[in-house]
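Open the model in your viewer and keep the selection tool at hand.

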Amino acid sequence: MTATLDAPALVEPGAGTDAAPRRRGGWTRWLVAARLARRQAWRAKGSSALVMLLVFLPVSAMAGGAIFWQSHVPTREQAATLELGRHEAWIEVVGGPDPSRWQAVDQAWEWGVDWDEAGMPANPELPAPADPISVIPPGVTVHELRETGSIYVETATGTGRVGVTSGPVWDAAFAGRFVMLDGTAPREPDEAMVSPGLLARIGADLGDEIHLVDSDRDFTVTGTMRRADTDSAVPELFLPPSAADLVEESRQRWYVEDWQPGLDDVDEMNRAGFIVFAHDLVLNPPAGARTSVYATRSADTIAMLTVGLMVAVFAGYLVVLLAGAAFAVAARRQQRSLAVAGSVGAARSDVFRIVVMQGTALGAVAGVAGVAAGAGLAWLALEVTDRGSVASFWGNWGYNVPWPLLVGIAVFAVLVGTLAAVAPARAASRGDVLGALRGARRPARLRARRPLWGLALMLVGLAATIAGGTALAVLNAADEVDFQGPMWIAGLWGVIAGPVLLQIGVILAGHWILVAVARPLSRWGLAPRIAGRDAAATPSRVVPAFAAIAGCVFVASFALSATALTATANTRGYFFAAPLHSIVVSLGQNGSEHSDALVAAADELVAPTEPRHTVVVQMPGGHEYDSETGEVLDPSAREFGVAAQPTDECPGCGGAAAFFNGQLSIVEERDLEVLLDHDLSDDDLAAFRSGAALTTSPGFTTDDGQIVVTEWTLADRAAYDTAMRKWSGESRSDDLPGPTAVHELEARSVDLGHSHSAQILVSPATAARLGMPTVPVTLVALRDTPLTTEALDRLTAQAEAIRIDDDAWVSVRQENGPDPVTPWLWGILAAAAVLVVGASAVCLGLARFERRPDDATLSAVGGGPALRRNVNAWQAAVIVGIGTVTGAAIGLIPVWGLSQSAATYFDFADTPWLWLAALALALPVAVTAVAWLVPPRHPDLTRRTAIT
């Protein structure tokens with residue numbers, strides 16, 4: 001016998017010939033089972049290595065990810081140092097004095113004041129203090145910084161807008177918040193430092209000058225530095241304290257070097273109009289202090305553990321299925337050895353224990369190796385990604401190991417290995433000892449109970465999803481939606497749990513699915529008949545494989561659809577100012593005196609870019625204001641707007657008495673289609689020509705297809721704005737001032753598939769008929785390809801150089817549209833393809849290994865390599881095809897539920913059908929082709945297992 005077990009017997013002989021054998025018990029049986037499991041795992045080196053690899057890969061990824069994440073989480077001390085450097089506190093003005101103002105001591109920017117029932121501050125708004133000198137002790141060292149502003153500088157190719165900070169950031173007290181890189185600190189008022197990214201952008205070296213466009217000032221660059229949490233490539237300018245007046249639209253903070261407030265001091269400073277970040281209060285908040293749950297490490301830890309747990313559950317699911325298939329094959333190869341153990345007294349529980357302990361041992365070894373490999377990969381990843389920018393992906397706080405997590409991951413590996421062996425162990429413990437010793441095995445029988453349970457779960461899952469989605473749709477149609485109500489939560493859980501139950505049902509009914517597929521395949525030829533019958537005869541190997549593939553494709557199908565739906569919804573909500581890649585030149589002036597000169601200058605500006613068409617967009621206006629006070633010079637001048645209309649979401653909104661301006665744009669008829677990047681019908685163009693308005697936003701059209709153009713004097717408009725600011729919940733909108741005149745125009749709706757800044761368009765003739773003063777506000781130069789950064793910098797510099805008058809200017813930008821979603825879809829598809837190909841390789845490799853006797857039989861009766869290639873290809877088509885089609889279909893179910901839960905945002909019609917077709921159909925075709933191309937091994941003509 002070639003497969004005998006050289007292990008201690010599981011029974012002991014009696015004292016006499018008539019004595020019954022006595023079983024060993026307790027730890028002895030466990031020790032013997034462990035020894036047999038170890039030896040069996042060592043003998044089956046191929047399947048053991050496969051199981052270990054399946055466990056090793058996710059364990060190493062999770063261990064490496066845990067260390068990588070932990071190394072990016074700062075301690076409280078490190079987070080405080082990033083905020084303060086070596087200072088004790090910083091102080092910031094947030095408003096005027098208010099006795100109700102409060103803040104969280106560990107997250108200063110979480111602050112607030114009391115509000116009344118009308119949604120206004122409960123206390124009078126008072127002027128904000130200029131600085132905190134009055135609330136800090138005299139004699140302390142204070143550094144004033146104006147941070148994260150922006151400024152225009154002269155670059156190597158034109159003009160660019162960069163971040164700017166003013167203050168002594170090179171002082172030693174800022175170490176930990178700012179990092180000196182090269183050169184020396186400024187000593188003179190006309191010296192500054194820059195980041196390496198800005199130094200490269202302006203094309204200069206240390207000692208050269210940087211020119212500020214708006215103020216026409218030059219600063220000598222003495223060195224390079226960066227923020228501790230910012231990459232060196234980010235362009236940023238650091239000016240001395242004397243240039244603080246150049247930094248506008250910035251955050252102003254005062255850093256205190258040698259004093260920090262206590263809790264009572266913080267309360268007093270809050271009431272005076274300040275918020276404070278104090279080192280000791282952040283590290284050790286005293287009893288009774290207000291703290292923020294978002295500032296603690298526990299919030300980040302909970303988020304990380306939640307994501308990690310989801311990844312672990314999915315990875316464990318795949319590993320249990322695929323490793324279970326490998327164990328099933330190995331257990332069938334061990335049937336004679338296990339039968340020998342049974343013949344010498346091993347009970348079914350002993351056989352079960354031997355197989356399960358193989359999984360436990362392999363999981364433990366793979367877990368230890370995976371954790372060690374993950375630790376090494378994490379170290380390598382931290383070294384590769386470390387650019388010194390802490391608090392970001394490109395920086396870390398040191399190599400920090402989360403030991404409890406690593407222990408948990410190792411336990412996870414043991415658990416997964418053990419669970420993967422449970423089903424094969426149950427099958428092995430139910431085997432026929434005599435048949436196994438004879439080398440025979442019975443084909444798998446289709447039991448009616450499992451298909452029925454599986455069908456029941458599939459029906460329950462489908463019904464739960466449909467009921468949950470329908471309930472969400474009904475609830476969301478109400479005027480007020482209670483997102484915390486039990487019905488809404490129950491509907492959401494139905495949408496989430498339904499697909500999971502459906503997939504479990506598919507697994508339970510897997511053998512029935514294989515039998516159902518095998519029957520029609522048997523009529524398509526010899527190769528599909530053999531492949532179908534082999535799959536139906538070995539469900540323990542095939543069902544876990546297509547279940548694993550279905551699980552991967554289920555997640556990928558949901559991710560593809562949800563990503564595409566979100567991107568399409570975002571695109572619909574994105575306001576395009578012009579077609580993609582167009583150059584948009586904004587024309588600004590006080591009044592309308594320089595309109596022709598501005599249009600001519602803008603046209604000359606964009607001419608070198610060779611646009612295929614230019615469009616001038618006008619809007620109502622042209623009123624002249626006092627340049628110092630901002631007050632209009634002629635209060636009787638007229639202003640035009642378009643009144644919004646009531647909607648289902650807000651039935652009381654809008655109406656002719658409201659000013660809601662819907663971006664009324666005046667455009668020539670010849671420019672309509674190119675500006676909107678949309679083909680218009682002849683009827684729409686004829687209506688536009690005869691005085692109708694085209695609307696790209698439905699919120700301004702009345703029920704009878706009109707728009708309401710409101711005409712105001714600027715004095716009435718100012719009174720309306722004042723009344724709105726004083727409006728309270730008890731006031732009526734009818735009490736607000738109304739427009740001077742109202743005009744109704746026929747409206748033709750144009751569906752662009754996205755939002756557009758030109759919401760309502762009328763012709764110049766219509767504007768003139770309404771007596772509407774107009775002024776050019778935008779020149780759009782249409783291009784098919786985007787400008788490079790260098791070309792856009794040059795164009796910006798030329799625009800800044802245009803000086804028609806002090807009250808007339810131009811600015812340039814490029815319409816790049818929303819971020820493209822295609823790279824994300826390719827990434828999801830690629831990840832799914834890797835997982836599917838990996839699962840297919842495991843399953844098909846096991847099939848080829850287990851089918852060696854069948855290949856020998858085929859060769860013995862005249863079957864050539866072509867037939868065996870076809871059998872391999874049909875096996876791939878059956879297993880991978882069932883998995884991808886099932887997974888893609890189930891993945892669409894929660895997407896439908898998602899579209900019902902947010903029907904005003906998501907549209908199920910936006911489902912990416914072509915991407916799903918590639919996932920469900922093209923992927924199995926590719927795997928089938930590869931399976932056919934890989935040649936089968938030369939058949940081994942040895943004794944074959946008898947199937948009885």
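Of the 948 residues in the chain, 45% count as buried, where buried means under 20% relative accessible area, exposed over 50%, and partly exposed in between (1.4 Å probe, protein chains only). This is a predicted model: local features need pLDDT of at least 70, side-chain atom pairs count only at pLDDT 80 or more, and totals for chains, interfaces and linings use all residues. Residues are numbered from 1 along each chain as its sequence is written, and side-chain values use heavy atoms, with hydrogens and water left out.

**Whole chain**

Colour by secondary structure. The chain has 26 helices and 28 strands; these are DSSP runs numbered from the N terminus, helices being H or I with at least four residues and strands E with at least two. Among contacts (heavy atoms within 4.5 Å) with a separation of 6 or more, 81% are between residues 24 or more positions apart.

**Salt bridges**

How many salt bridges does the structure hold? There are 14, each being a side-chain nitrogen of Lys or Arg within 4 Å of a carboxyl oxygen of Asp or Glu.

Select Glu-92 and Arg-253. Their closest N and O atoms are 2.9 Å apart, in a salt bridge. Glu-92 belongs to strand 3 (residues 89-93) and Arg-253 to strand 13 (residues 251-256), so this pair links distant parts of the chain, 161 residues apart. Both ends are buried: Glu-92 has 13% relative accessibility, and Arg-253 has 5%.

Next, select Arg-572 and Asp-910, which form a salt bridge at 2.6 Å, N to O. Because Arg-572 sits in helix 16 (residues 539-573) and Asp-910 in the loop between helix 25 (865-901) and helix 26 (913-933), the pair ties together parts 338 residues apart in sequence. Arg-572 is partly exposed, with 27% relative accessible area.

Then go to Glu-669 and Arg-689, whose side chains form a salt bridge at 2.7 Å, N to O. Glu-669 is in the loop between strand 20 (664-666) and helix 18 (672-676), and Arg-689 is in helix 19 (residues 682-689), 20 residues away. Glu-669 is partly exposed, at 27% relative accessible area.

To see a network of salt bridges, select Glu-147, Arg-177, Arg-227 and Glu-236 together.

**A buried arginine**

Select Arg-101, in the loop between strand 3 and strand 4 (102-104). Leaving aside residues up to four places away in sequence, Arg-101 touches residues including Trp-111, Val-113, Arg-271 and Phe-274.

**A surface patch**

Finish with Leu-377, Trp-379, Leu-380, Val-384 and Tyr-399, a nonpolar surface patch with about 530 Å² of accessible area together. Patches are made of residues with over 30% relative accessible area and no salt bridge; like charges are joined within 9 Å, and nonpolar side chains (Val, Leu, Ile, Met, Phe, Trp, Tyr) within 5 Å. Trp-379 is in helix 9 (residues 348-385) and is partly exposed, at 49% relative accessibility.

Technical notes
Areas by Shrake-Rupley, 256 points an atom, 1.4 Å probe, with all protein chains shown as cover.
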